Amino acid sequence: MADSSSASYIHMVQHLIEKCLIFRMSKEECMEALSKHANIKPVITSTVWNELEKENKEFFESYLQTQSSSGANRMSEAETSELIQKIISDNQSKKDD
């Protein structure tokens, strides 16, 4: 049972990272946002992010290039907090189904 809950937790972290990517957050910004708003330890976010990078090398190479050239479309801290809380709440609702 612990394996199932660990896998579920990692899947949730991956989902949150994917949302951070949609909003053009850097790895550091994502780690800070998930730590602050979802109580996910930065080392967990970093580990999952690194695995995603390994599995999707071409995507992340392109992502890092475009991210470094466009910093204007970032969300405010309040928007980030609201989004992460909504994602966590939606994830909890799916578990309850």
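**View 1. Packing of helix α2 against helix α3**. Helix α2 (residues 27-38) packs against helix α3 (residues 42-55) at an angle of about 135°, and their axes lie 9 Å apart; axes here are lines fitted to C-alpha atoms, for helices over the stretch in contact, and angles run from 0 to 180 degrees between N-to-C directions. The model is a predicted one, in which local features need pLDDT of at least 70 and side-chain atom pairs count only at pLDDT 80 or more, while totals for chains, interfaces and linings use all residues. Residues are numbered from 1 along each chain as its sequence is written, and side-chain values use heavy atoms, with hydrogens and water left out. Angles under 35 degrees count as roughly parallel, over 145 as roughly antiparallel, 65 to 115 as roughly perpendicular and the rest as oblique, and α2 and α3 are therefore oblique to each other.

**View 2. Residues in the contact of α2 with α3**. The contact (heavy atoms within 4.5 Å) is made by Lys27, Cys30, Met31, Leu34 and Ser35 on the α2 side, and by Pro42, Thr45, Ser46, Trp49 and Asn50 on the α3 side.

**View 3. The aromatic cluster**. Trp49, Phe59, Phe60 and Tyr63 form one aromatic cluster, where rings of Phe, Tyr and Trp (its six-membered ring) pair if their centres lie within 6.5 Å, and planes under 30 degrees apart count as stacked, over 60 as edge-to-face and the rest as tilted. By this rule the count comes to 4 aromatic pairs. The rings of Phe59 and Phe60 have centres 5.2 Å apart and planes at 90°, so this pair is edge-to-face. Phe60 is buried, with a relative accessible area of 4%, whereas Phe59, at 43% relative accessibility, counts as partly exposed; buried means under 20% relative accessible area, exposed over 50%, and partly exposed in between (1.4 Å probe, protein chains only).

**View 4. The surroundings of His37**. His37 lies in helix α2 and is buried, with a relative accessible area of 13%. Leaving aside its neighbours within four places in sequence, His37 is in contact with Glu77, Thr80, Ser81, Ile84, Gln85 and Ile88.

View 5. Of the 97 residues in the protein, 30% are buried.

Key:
Helix = DSSP H or I, 4+ residues; strand = E, 2+ residues; numbered from the N terminus.
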